[in-house]
Amino acid sequence: MIPIHPDQPAINGSKPAAVRYTPACEKPEEDESQTSDELAQTLLKMSTIMLEHTGHALRGVHAKSHGLLRGELEVLRDLPPELAQGLFAEAGTYPLTMRLSTPPAEELDDRVSLPRGMAIKLIGVPGERLSGSESATTQDLLLINGPVFASPGPKGFLRSLKVLAATTDRAPQAKQALSAVLRGTENVLEAVGAESATVKTLGGHPQTHPLGETFFSQVPLLYGEYIAKFSVVPVAASLTALTNQPLHVTDASNGLRESVCDYFQNHADAEWELRVQLCTDLETMPVEDASVRWPEDASPWRAVARIRLPRQHGWSEALSREIDDGMAFNPWHGIAAHRPLGSVMRARRVAYPASAGFRARHNGCPIHEPTSQPGMPFHGADTDGAQELPPQSL
C-alpha cells in the first residue's frame with residue numbers, strides 16, 4: 001500500500017494525498033557541479049562544430065525546429081485545492097509561443113527519425129520569479145514525446161552526449177541508413193509490447209505525424225506546495241486522428257515541418273490538454289531518478305489547462321529568426337512556484353544559459369524574453385490570403 005502523507009486527506013476521498021515538497025526531497029550528488037560543467041562544455045563543442053560548418057550558431061540540443069506557433073493557454077476554472085497551485089491557482093488566459101523540434105545539435109534530414117520535442121513559453125505570468133529570470137514574466141515548459149528521461153541523471157546523459165558529440169555533422173547518409181534499420185527494430189519491439197528509448201534516440205523513432213504525439217516533462221517541477229510532472233495531450237479530433245498516423249518523408253528533408261505547416265494552413269484550430277501528475281509517494285515517484293515512470297494507478301494525470309492554437313503559417317524564415325535565434329526555452333525561466341526539481345533540471349540550469357549565450361554572441365541576435373504577444377499572420381477562411389489579427393483576438 002502506498003503511504004498517505006500524514007497531514008493531508010486523500011485526494012477525492014480515495015487516492016493517496018500529494019506529497020508536500022521539502023528540501024529533503026532533493027539529494028544533490030557531491031560532484032554534481034562538475035557534471036553540469038562538462039555537460040555545458042559538451043553542448044558548446046557541438047554548437048561550435050555546427051557553427052564552423054554552417055556559419056550560424058545553433059542550439060546544442062533541439063537545433064531543428066519543425067513548428068513555430070502562437071496561441072493561448074487557458075487555466076481551467078474550479079480546480080480542486082491540490083491542483084489550484086502556482087500559475088494554475090486562478091482561472092485565466094496566457095498568450096504562448098510553442099516550438100516543435102527534434103533533439104540533435106544538427107539539422108538532420110527528417111528521414112533520420114528521432115524523438116520530438118515541444119517547448120512552450122507562456123507570457124505575462126505573475127508571481128515571485130526564479131533567480132536569473134527576475135526581469136521576465138514568462139514561464140517555460142520543456143517536453144518530449146516519451147514519459148521518462150533516457151537516463152536516471154545527468155551523468156548518464158553526459159555519456160550519451162559525448163557519443164553524439166563525436167558524430168555531430170558526420171556521415172549524414174549513414175545516419176539515414178541506420179535510422180531505417182532502427183525503425184524496423186523498434187517496430188518489432190513494439191509488436192511484442194516493448195519499446196526502447198535508446199533505439200528511438202539513435203534514429204529508430206516511428207515515422208509518425210508529430211502533431212498526434214503526447215508530450216511529457218519527464219522530470220518533475222515544484223507545483224506550488226507539491227511536486228508534479230507535466231504532459232500535453234492532443235484532444236481536438238483533428239489532432240487525435242494523427243496519433244500514430246504514418247508520415248512518409250522519403251523525398252522530403254523537411255517532412256515534419258511540412259506536415260505541421262500543412263495542418264495549420266488547413267484546419268481551423270488545434271487544442272491540447274495540459275495535465276499534471278502529482279507525486280504521492282517519493283519511493284515509487286522519485287525526484288532524482290528521471291528514468292522512473294511514475295505509476296498512473298497511484299496518481300493519474302489530471303487536466304489543469306487547455307492550449308489552443310488558431311490557423312496560422314506554422315513555420316517561416318521570419319519566425320525562425322524571431323524564435324529560433326531570438327528566444328531561449330529554459331525550465332529555469334519561470335516563477336518560484338514551478339521551480340525545476342532534481343539533478344537533470346539542476347544541470348540544465350548551467351548548460352542552457354551557456355548555449356543561449358553562445359548563440360547570442362555568434363549570431364549577433366540578443367536573446368530576449370517577450371513581454372507581450374504581438375500580432376501575427378493567420379490564415380483566414382480563404383487559405384490563399386492572410387490577415388493580421390491583434391493580440392486580443394488570440
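These legends accompany close-up views of cysteines and salt bridges in a predicted model. Local features need pLDDT of at least 70 and side-chain atom pairs count only at pLDDT 80 or more, while totals for chains, interfaces and linings use all residues. Residues are numbered from 1 along each chain as its sequence is written, and side-chain values use heavy atoms, with hydrogens and water left out.

**View 1. Cys279 is in no disulfide.** A disulfide here is a pair of cysteine sulfur atoms within 2.5 Å, and the count comes to zero. The nearest cysteine sulfur to that of Cys279 belongs to Cys25, 7.2 Å away. Cys279 is buried at 0% relative accessibility (buried is under 20% relative accessible area, exposed over 50%, partly exposed in between; 1.4 Å probe, protein chains only).

**View 2. Glu225 and Arg20 form a salt bridge.** Their closest N and O atoms are 2.8 Å apart; the term asks for a side-chain nitrogen of Lys or Arg within 4 Å of a carboxyl oxygen of Asp or Glu. Glu225 sits in the loop between strand 6 (221–223) and strand 7 (226–234) and Arg20 in the segment before helix 1 (32–54), so the pair ties together parts 205 residues apart in sequence. Helices (H or I, at least four residues) and strands (E, at least two) are DSSP runs, numbered from the N terminus.

**View 3. Lys121 meets Glu369 in a salt bridge of 3.0 Å, N to O.** Lys121, in strand 3, is buried at 0%, whereas Glu369 is partly exposed at 22%.

**View 4. One network joins Glu74, Glu271, Glu273, Arg275, Arg306 and Arg308.** Salt bridges that share partners make the links.
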